[in-house]
Amino acid sequence: MTTTSAGPHVHGLGEPYKRKEDARFIRGKGNYVDDIQLPGMLYADIVRSPYAHALIKSIDISKALQVPGVVAVITGKDLEAAGLAWMPTLSGDSEAVLAVDRVLYQMQEVAFVVAESRYAAADGAAAVEVDYEPLPVVVDPHKALAPDAPLLRPDKKDRQPTNQIYHWETGDRAATDAAFAEAEQNGVVVRQDMYVPRIHPAPIETCGCVADYNAATGKLTVWMTSQAPHAHRTLFAIVSGLPEHRIRVISPDVGGGFGNKVPIYPGYVCAVVAALKTGRPVKWIEDRTENLTSTGFARDYHIHAEIAADKEGTVKALRVYTLADHGAFDAAAQPTKFPAGLFHICTGSYDFKHAHVAVDAVHTNKAPGGIAYRCSFRVTEASYLIERMMDTLAREVGKDPAEIRLQNFIKPEAFPYRSALGWTYDSGNYERALRLAMEKIGYEELRREQAEKRARGELMGIGISSFTEIVGAGPGKHFDIAGIQMFDSCEIRVHPTGKVLARIGVQTQGQGHETTFAQIIAAELGISPDDVDVEHGDTDTAPYGLGTYASRSTPVGGAATAVAARKIRDKARKIAAYLLEVGEEDLEWEPGRFYVRGSPSKGKTIQEIAFAAYTNCPPYLEPGLEAVNYYDPPNLTYPFGSYICVVDIDRGTGEVHIRRFLAVDDCGTVINPMIVEGQIHGGLTQGLAPALYEQLAYDENGNVLGSNFQDYLIPTAMETPRWETARTVTPSPHHPIGAKGVGESPTVGAPQAIANAVVDALAHVGVRHIDIPITPWKVWAILKEKGLATA
Ligand code: MCN
Ligand code: CUN
């Protein structure tokens, strides 16, 4: 890791530069949606269904309208008049904004009440009378597929009358089946069922917006908690028919996204309609329960996985069948495209010759989503299943989990590597990462300690996860969302004094883009990151971008930024040549300056060149020093890492204590090691969460059992171990500065390291798998069954 040098910062890459944005955050000067106050502003509250499945026989708003302060009540029928009764989902399908004749999950939006205060809005919402006729509820996706299951979506006329949304397969089934037949005869086959539960991103700031329509100018401004402001503006324009240039979406400071702020939610749409209808600004802010119960959840995959290997444990084929519970809407269902697509990574870091994956997605009476939680565009499930399966295989052939991995890794010289599921990994060196992790943690010594403890009856486990991530959505061939190419953008203006304003199409929710993107430009131009301000999140000023998710900001937006800065440097070279009266080819570049080859004292700094660009520009060039780049990446990036977790299990309580957790990450070239470290710490904590604590459970009537932070356990500092980190650097060959994304890697890689450690602690008594979250109760039940419980 580099440290800050004593001299001035001229070269911004790889330095632990302090976050520029923190100057306002730590002073409490951040500006979040709920901080926005406009004159005459109204406040909204949403009437939500208490039932998971019911017919709506009538909605009576008359009493609500009499509540003092209530200004308007909007129902699904009112939305039709505004052309906003339907909102697009990530599947490319559309779904009702407010339920009209049927509710499909508890807390579904039924009516929108606006009033002079938030309290009056809540009173108004309580006074809306909805007559429901309850219907049978389906929460188990297996039961949803039964022939006699109640049909949840009779409105989906284009589909068979079942609850199945789609069947999706990828890979070569015949070759995979043949490899399994062979392994059944002459090798080994391991099989495991596992469930990756439904969880929720739960950002500390919930979702919300302020919508303001100016009838005089015809301009609609929406401040919203958005990870993708431009994409949301376009969707508003397409759906509403309002002209796109009169819609301004501003995503101010965002208090965490984690995938929760990618989709469009009914509250946004209703606030816009209410602003159009009342002519006054309307604020809608979710409370915690609304956030947990009605906005995009992640995962909920029931997986059956099988590996075919030879007797030595060399893998041959992977076969996976998954039942995906998408809840009530078709929100993340598009099978061949974006969300489900990342299931393609499920062969992980291993050299499988054949693989076949099939997914059936079904509707249940649960909230819609299936979107993301840092990250679950199916990478998390894919990575979890393969890392759990490699441990299962190691047990079967009697090898150490580290040995089985080293034996089966894709070799460094095999990159770019085309996996059996057809995606091309850009670069990797998995063995180096695992060996570093083993060395740092003292793997051999830990194994010896484990054997001694086991002999004494103590339970200690070591778990490995050598994951491969897939980030940077991404070229259109993989990520075709409604036909949009997945590019991103950067616009750079170098002012006459050499100070820089850059605007980017991606949108930070805490990742530190104002710092790292300044560092990219600073490194390319040889100036200080202090001299570069980065703006984003305002569609009226930022260039069109597709937003921040899938750790795409650095792989895509960062690439656009580097390329735009190089365009600036190219023009600067022309200006320097003119000023120095030499040919361009006679110039050399050193950070911050062009000089004449052979005469280093004869040169022009980037600041001098910038001034000349506006005052003494060569006659054959346009004045000014600006550049724009829209970058469509040739491929995704494939960061990876090796995590090792050491746990001790309390035989009295079943509690899992994480003694050590070492994370070796490789995200290619590192822009800011301190920010990367912060991303890894936060991400590991969000990986610990589903491993031991978080699950968004439903009872059989479709009641949400985790609707607040007392029931939905997110780890706090109390539960979080001290994370140890280390790094290898394997640059991406196709990224202009060799960087891969990192934001989601730790969350993707961590759960299975912990799960593997717990299973490892109990492997000697025959335990092969425990579904996450591994609660003390689950462990204690196993201890009891195996006669190991001391209480
Ligand atoms: N970075 C770096 N060098 C690299 C890679 C990244 O210095 N080789 C820096 C980046 O420039 C950026 C940060 O690390 O400042 C994360 O970069 P990247 O991996 O490109 O991810 P994104 O910026 O696209 O962020 C998205 C990712 C996702 S998808 C989720 S979910 C998530 C995450 O980031 N949500 C977050 N981290 C989060 N962190 C915070 N604080 N809040 C969230 O909501
Ligand atoms: Cu995958 S959660 Mo992030 O993409 O916003």
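1. Strand S20, residues 459–468, is mostly covered in this predicted model, with 10 of its 10 residues buried (under 20% relative accessible area, 1.4 Å probe, protein chains only; strands are DSSP E runs of at least two residues, helices H or I runs of at least four, numbered from the N terminus). Both faces are covered: one side includes Leu459 and Phe467, the other Met460 and Ile464.

2. S20 pairs with strand S28 (residues 640–649) in the antiparallel sense over 10 bridges; pairing requires at least two DSSP bridges. Cys645 in S28 is the bridge partner of Gly463.

3. The copper atom of ligand 2 is coordinated by Cys375 (SG) and Glu744 (OE) at 2.3 to 2.6 Å. Donors are N, O and S atoms within 2.8 Å of the metal (3.2 Å for Na, K and Ca); water is not among the atoms, so sites may look incomplete. Cys375 lies in the loop between S17 (354–362) and H10 (379–397), and Glu744 in the loop between S30 (723–727) and H18 (745–762), so the pair ties together parts 369 residues apart in sequence. Cys375 is buried at 1% relative accessible area, and Glu744 is buried at 8%.

4. The largest nonpolar core has 118 residues; Ile307, Leu385, Phe661 and Leu762 have the most contacts inside it. Such a core joins buried Ala, Val, Leu, Ile, Met, Phe, Trp, Tyr and Cys residues through side-chain atoms within 4.5 Å. Another core, of 57 residues, lies apart from it and includes Ile74 and Leu292.

5. Residues are numbered from 1 along each chain as its sequence is written, and chains are lettered from A and ligands numbered from 1 in the order written. Local features need pLDDT of at least 70 and side-chain atom pairs 80 or more, while totals for chains, interfaces and linings use all residues; side-chain values use heavy atoms, without hydrogens and water.

Methods:
Buried < 20%, exposed > 50% of the residue type's maximum accessible area, 1.4 Å probe, protein only.
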